[in-house]
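Hi,

Here is the structure I promised to pass on. My notes follow below it.

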Amino acid sequence: MKKIFYILWGIAFILGCIGVAQRFMYGHELANYGNRVVWGLWVAMYIYFIGLSAGAFLLSSLVYVFKIKMFEKVGKLALITALVTLLCALLSIWFDLGHMWRAYEVITRPNLPHSMMAWMIWLYSAYFLLLVLETLYAFRIESGKYDGDKLKSYQKKLGILATIGIPLAIAFHGGVGALFGVVAANPMWHSALTPIFFLVGAIASGSALFTLIFAFFWDNKKGEYYQNMLKTLAKIVLVAVLFDVLLEWAELSIALWMGSPEHTAGFRAMLFGQYWYVFWIFHLLFGVVIPVWILATKKNGIAIGWASLLVAFTFIGVRLNIVVPGLIGEKIPGEASAYIQPRLTYNYFPSMMEWLVGIFIVAFGIGLFYLGNKYFKLTKENNSVKS
Amino acid sequence: MGNTKKNDRRDFLSKFGTAFIAGAALSPLISNASELLETENNVTEIKNFKGSFEDLLGGDYTNIKLRMQDDVRRALKKPMKDRKWAMAIDLRKCVGCNACTVACIAENALPPGVVYRPVIKEEIGTYPNVSKINLPKPCMQCDEPPCVDVCPVEATWKREDGIVVIDYEACIGCRYCMTACPYEHRMFDFGEKYSDGLPLVANYDKRPSFEYGKEWDREDRHSSPIGNVRKCTFCAHRLDEGLLPQCLTTCIGGANYFGDLNDEDSVIAKLVSRLNVFRLKEEMGTEPNVYYIR
C-alpha cells in the first residue's frame with residue numbers, strides 16, 4: 001500500500017515538475033485561459049486551497065478558543081493542515097501571475113483601502129503569520145519541556161492568537177469571496193451571498209479534508225477516541241455540506257426565477273453548458289448526494305473517510321464553477337465575433353501545462369503534509385500529549 | 001452598399017463613403033492632406049451634410065481631422081488637469097472596415113490575441129428588413145473606472161487628463177482589472193508572436209511598442225509588456241506630442257471624433273451635447289468618455 005503511494009506520488013511529482021518547467025520557460029504561452037476567460041484552473045485551485053485552509057483552521061479553533069476537550073489531540077493536525085493548504089493556495093496563485101517576481105509588490109505598494117484583492121492579501125499574510133505563531137506555541141506547549149509560569153504564559157498567548165484567528169479567518173476567506181462579490185461587471189459573482197458562500201464552502205471542504213486525514217491516517221483506529229471523533233467530524237461535514245447546498249440553491253433559484261439574461265448567463269452555462277457534468281455529476285452526485293447519504297447512514301471509519309474524500313476532492317468543481325462560468329458570457333453582445341482569435345474566445349478548458357502545474361501543487365501539498373506528519377507525529381494518538 | 005439605395009440617408013452615406021475612399025486612394029499622389037480635401041468633390045460632399053457639419057468644421061478648415069488636431073494642440077497648451085480627452089464615434093458613418101483596429105495594432109505593436117479596438121458587428125432585424133451596426137470599442141477611459149480601484153498594487157490609475165494608464169513596470173499580471181471592466185476592454189499580453197510555429201521570428205514580431213513614451217522591446221519573453229495587462233490609452237504617447245490617436249487617422253469613413261471636452265469650441269464638445277448620443281452601459285455608473293452617435 002505504502003509502496004503504491006510512493007510510486008504514484010513520485011510520478012505525480014515528476015509530471016508536475018515538467019509542468020512547472022514549462023511554466024517558467026514559456027510563461028503563459030502554453031496556458032489556455034485568454035483575454036475573455038481570464039482566470040482558469042489555477043485561480044480555482046487557489047480559492048479551493050485557501051478554503052481548505054480556512055476550514056481546517058476554524059476546526060482548530062474548537063480546541064484553542066472554545067476549549068473543546070475532544071479536539072485537543074487533533075489541534076496540531078488541524079493547524080498543520082491549514083498551513084500546508086495555505087502554502088498550496090499561495091503557490092497556485094503565484095503561478096497564475098503574469099510577473100511572478102513582482103509578487104512582493106502586494107506588500108510594498110498595496111492599493112489600500114480600495115482594492116479587495118489587496119485587503120485579501122494583507123489579511124491572509126496576517127493569517128499566515130498567526131498560523132505559524134500558533135503552531136509554534138501549540139508545539140511548545142505539548143512538547144512537555146515547559147511547566148509552571150512559562151507553560152501558562154504560552155497557553156495564554158495561544159488562546160489570544162487563536163481568538164484573533166477566528167475573525168481573521170472569517171475576514172480573510174470572506175475577503176476572497178468579496179474579491180469576486182464586488183465585481184459589479186460580473187452579475188454572477190456580484191452577489192452579497194458570495195462571501196458567505198465562500199465561507200460555508202470553506203468549512204464544508206476544510207472539515208471534509210480534515211476528516212478524511214483523520215479517518216485514514218489516525219494510528220489507533222480501534223480506540224474509542226477514533227470512533228467518537230469520527231462521529232462528531234461526520235456530523236460537522238454533513239451539516240456544512242447541506243448548508244452549502246442551501247446557499248447554492250438560494251443563489252441559483254433567485255437568479256434563475258426572474259431570468260434576466262445577464263444575471264443568469266453564467267448559471268445557465270454552469271447548469272446546461274458544455275461542462276454541465278461538472279455541476280450535475282462531479283459536484284452534485286459525487287460531492288453532495290453520495291457523501292450525504294454515506295455520512296447520514298454509515299458509522300464506520302472507512303465509509304466516513306471515503307465520503308469526506310468525495311466532498312473534499314469534488315469541491316474543486318464548485319470552485320471551478322465560480323470562476324469559469326462567471327467569465328464565459330459576452331459582456332457586450334457581439335464581442336465573441338468581433339475579433340476572431342484563440343485568445344479571444346469564450347471557451348475554456350485547462351491546457352496540459354495547466355493540469356501538470358496543478359498536479360505539482362497537489363503533490364507538493366501531499367509531500368509537505370507527509371513530511372510534517374512523519375516529523376511531528378500528528379496522527380499518533382499517544383504522541384499528542386495533552387496540554 | 002448597393003441594396004441600401006432605398007434610404008436617403010444611406011444613399012448619402014454611400015456617396016460620402018465613396019468620396020472618402022477615393023480621397024484615400026489619391027493620398028499618395030498629393031503631399032498635403034488638406035489640399036486633398038479641398039478638391040471640389042469633397043468640399044461639396046461636406047457642405048451637403050444634413051447635420052451641421054459646417055459648424056463643426058468652423059473657420060477656414062476643410063478637413064475635420066486637421067481641425068481636431070488643432071483642437072488637441074490647443075488643449076495641450078493648458079495644464080494637464082484642465083483637459084478632458086473624449087472620443088465620439090458616429091455609428092452611421094462607420095463602415096466596419098477595421099482600419100482602426102489594424103492601425104492600432106500596428107501603432108502599439110500588439111501581439112496576437114491583444115486588440116485594443118475590436119469592431120463589434122451586429123445585424124438587427126431579419127431579411128428584408130435588416131440593418132447592420134458596426135461598433136468600434138476602444139477603452140472608454142471612464143471617469144469612474146472600476147479597473148483602477150481593484151488593482152492590488154496601484155499599477156493603474158487615471159491621469160489628470162482622464163486617460164486610464166498602466167505602469168508596465170509595476171503590473172503583476174493578476175488580471176483582476178480585466179474581470180472588473182464592464183466593457184471587457186483590457187487585454188493580457190501572453191507573449192505570443194504572429195510567426196509562432198515558423199522557423200524564424202519575423203521582424204514585425206520584434207518591433208517595440210512606444211506606449212507611454214518609452215520603448216518596450218519584445219526580445220525577452222519574460223519582460224514587460226509581456227505578462228502585463230495592456231489597454232488603449234487614446235494613444236497617449238501620440239497625444240502628448242500633439243497628434244491624434246492612430247485610430248482616427250486611418251478611419252476611412254470619418255466616423256471618429258476626438259478632443260478636449262473642457263474646450264467649448266472643440267469639435268468633440270459640440271458633438272456630445274446632442275440628443276442622438278449614447279454611451280455604453282450607462283447603468284454601470286462608470287461615466288465613459290467614449291460617446292456614440294446614431
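Which helix does Ser308(A) lie in? Helix 11 of chain A, where helices are DSSP runs of H or I with at least four residues, numbered from the N terminus. Before more detail: this is a predicted model, with local features needing pLDDT of at least 70, side-chain atom pairs 80 or more, and totals for chains, interfaces and linings using all residues. Residues count from 1 along each chain as written, chains are lettered from A, and side-chain values use heavy atoms, without hydrogens or water.

Ser308(A) is buried, at 0% relative accessible area (buried is under 20%, with a 1.4 Å probe and protein chains only). Ser308(A) touches Ala208(A), Thr211(A) and Leu212(A), leaving out residues up to four places away in sequence; contact means heavy atoms within 4.5 Å.

Helix 7 (residues 193-217) of chain A packs against helix 11 of chain A at about 145 degrees, axes 8 Å apart (lines fitted to C-alpha atoms over the stretch in contact, angles from 0 to 180 degrees between N-to-C directions). Their contact residues split into 18 nonpolar, 6 polar and 1 charged; Asp, Glu, Lys and Arg count as charged, Ala, Val, Leu, Ile, Met, Phe, Trp, Tyr, Cys and Pro as nonpolar, and the others as polar.

Helix 10 (residues 276-297) of chain A has a kink of about 45 degrees centred on Leu284(A), the bend being the angle between axes fitted to the seven residues ending there and the seven starting there. Its buried residues include Phe279(A) and Pro291(A), and helix 11 (301-323) of chain A is among what covers the buried ones.

Cheers

Notes:
Helices (H or I, at least four residues) and strands (E, at least two) are DSSP runs, numbered from the N terminus. Buried means under 20% relative accessible area, exposed over 50%, partly exposed in between (1.4 Å probe, protein chains only).
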